[in-house]
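These notes are meant for a colleague who is opening this structure for the first time. Please read them with the sequence and the model side by side.

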Number of protein chains: 2
Amino acid sequence: MSHTLGIRQAQKQKTRQALMDAALVLLEEQSLSSLGLREVTRAVGVAPTAFYRHFRSTADLGVALVEEALGSLHPMIRTTVTAEGTSEERITRAVELIAGHVTAYPAPVRFIARERHGGVQPVREAIRDQLARFAEEVRTELAKDAEAEGWSDDDLLMLSHLYVDQMLVTASLFLEALESSPEERERVGLLAARQMRLISIGRRHWLD
Amino acid sequence: MSHTLGIRQAQKQKTRQALMDAALVLLEEQSLSSLGLREVTRAVGVAPTAFYRHFRSTADLGVALVEEALGSLHPMIRTTVTAEGTSEERITRAVELIAGHVTAYPAPVRFIARERHGGVQPVREAIRDQLARFAEEVRTELAKDAEAEGWSDDDLLMLSHLYVDQMLVTASLFLEALESSPEERERVGLLAARQMRLISIGRRHWLD
DNA sequence: AATTCCAGAGAACAGTTGTTAACTGGATGA
DNA sequence: TCATCCAGTTAACAACTGTTCTCTGGAATT
């Protein structure tokens, strides 16, 4: 089903990706609302006007970055929630997965944390929509679990939002600890695991 | 103990406050890292150079805004956690308190949510410090409660961080719903209350 | 009453920004 | 092979930025 792009389309996508990558680097030390289009093109080594061949504005670029950062995470989240094993094992695995992802891709994670409540409306909305999709997917996975018996749809969605928010809190904790010592990062992981444990306990006794 | 300021100092403080107020308005539609000093002085109606009499930079202004937004909230948080009544009553009261605060002071709340992970390091640090102080204070209040018997200091701090994070999540939910219908805002309040309820249940069974 | 102080004004600086228009040259399709 | 397309270039625009230095006039101090 894959169609080989012509030389022209291939080169265009390459430039587009270079713009997005350069933006992500520049956004490590500022917010999207202060990112200039010239700044990005300068970093790539291309004329300022070339920017318009790919994006209407930096806000438009931001929306594309949201897709890139979160779009590919859906299967990963699904399998994490579905994972077998005891509750304790699943928590440990989830925390390790988050730690690994943050270490491997710090820039996109930072971008999402920063722009979730940032100053650019279309980007905020794009992130909100993706996170809502995550919560929906987590809910359908949770619904399959035996523990979900007797739960209303509303309560399941409430819980899945709690889980998704907690993932983001954990990710941003790891982000802050990225430059810290391994001991500090271990401490963060243990804290995050305990918080998830408490939520799981609350879940287990919800219907009492 | 209050000392009446001279005319000069009084006028200076007035201008300083005007700069901060104007900044807060401008920051409703952008992030601090894109806020220009001229932009702020123009909004107040003073010369750009007057800015330097009060702040070294816009980052410096941001740190002052953090103090103003969070500094006065410590007693409020203390009493909320200490409040008497059943667990359910305390949750309802806490959610109402947050809803009321967001409605009364949306701009400072938005500023904190936005800059907590924003692009200006000193401001991020100022917010992190204030939130850590909140968590410490919540912990000492929780420690007084009978339910805290048998809890380690670490676990208490873990729980208080969970509560503080949940307050921020709730606040930003209300912020998003500010322009929505009363029904929608009521829905948000009920969701937030249920999430806090689940955490409280987890807390009750933590030592099982 | 004379002196010092200092918040704010004014003017000027070099450097930056987004956006427009007209162009070039290599890939594309007839 | 030849006409068309279009990603990227070049040049120019008015508008804006943070920062410096110099000045002013009223409050504060002596």
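Predicted model: local features only at pLDDT ≥ 70, side-chain atom pairs only at ≥ 80, totals over all residues.

1. Which residues does Thr82(B) touch, not counting residues up to four places away in sequence? They are Arg90(B) and Glu141(B), where touching, or contact, means heavy atoms within 4.5 Å. Thr82(B) itself lies in helix H4 of chain B, residues 74-82, and is partly exposed, with a relative accessible area of 45%; here buried means under 20% relative accessible area, exposed over 50%, and partly exposed in between, with a 1.4 Å probe and protein chains only.

2. Residues are numbered from 1 along each chain as its sequence is written, chains are lettered from A and ligands numbered from 1 in the order in which they are written, and side-chain values use heavy atoms, with hydrogens and water left out.

3. Chain A as a whole. Chain A has nine helices and zero strands, helices being DSSP runs of H or I with at least four residues and strands runs of E with at least two, numbered from the N terminus. The C-alpha trace of chain A spans about 65 × 45 × 30 Å along its principal axes. Of the 208 residues in chain A, 48% are buried, and among the contacts in this chain with a separation of 6 or more, 65% are between residues 24 or more positions apart.

4. A buried histidine. His101(A) has its place in helix H5 of chain A, residues 87-104, and counts as buried because its relative accessible area is 18%. When neighbours within four places in sequence are left aside, His101(A) is in contact with Leu73(A), Met76(A) and Val109(A).

5. How the copies are related. Chain B can be laid on chain A with an RMSD of 0.0 Å by a turn of 180° and a shift of 0.0 Å along the axis, so the two copies are related as by a two-fold rotation axis. The superposition is by least squares on the C-alpha atoms of residues with pLDDT of at least 70 in both copies. The same surface serves both copies, in that 100% of the contact residues of chain B recur in chain A. Gly202(B) comes closest to the rotation axis of the residues of chain B, with its C-alpha at 1.8 Å.

6. The extent of the interface. In this model, 36 residues of chain B are in contact with 36 residues of chain A. The area buried between the two chains is about 3,000 Å², of which carbon and sulfur atoms give 63%; buried area is the accessible area (1.4 Å probe) that two parts lose on being put together, summed over both. His117(B), Arg194(B) and Leu198(B) supply 22% of the area that chain B buries against chain A, more than any other three residues.

7. Asp154(B) forms one with Arg194(A), with the closest N and O atoms 3.9 Å apart. Helices H6 (106-115), H7 (121-144), H8 (153-176) and H9 (182-204) of chain B each supply at least two residues of the side that touches chain A, and H8(B) gives the most to that side, with eleven residues.

8. Two residues of chain A that reach across. Ser31(A) is found in the loop between helix H1 (7-26) and helix H2 (37-44) of chain A, and counts as buried at 2% relative accessibility. Leaving aside neighbours within four places in sequence, its contacts include Arg114(A) and Glu115(A) as well as Ser31(B), Ser33(B), Gly118(B) and Gly119(B). Ile201(A), in helix H9 of chain A, is likewise buried, at 11% relative accessibility, and touches Gly202(B), His205(B) and Trp206(B), not counting residues up to four places away in sequence. Ile201(A) and Ser87(A) are 114 residues apart in sequence and 9.6 Å apart in space, C-alpha to C-alpha.

How values were computed: Salt bridge = Lys/Arg side-chain N within 4 Å of Asp/Glu carboxyl O.
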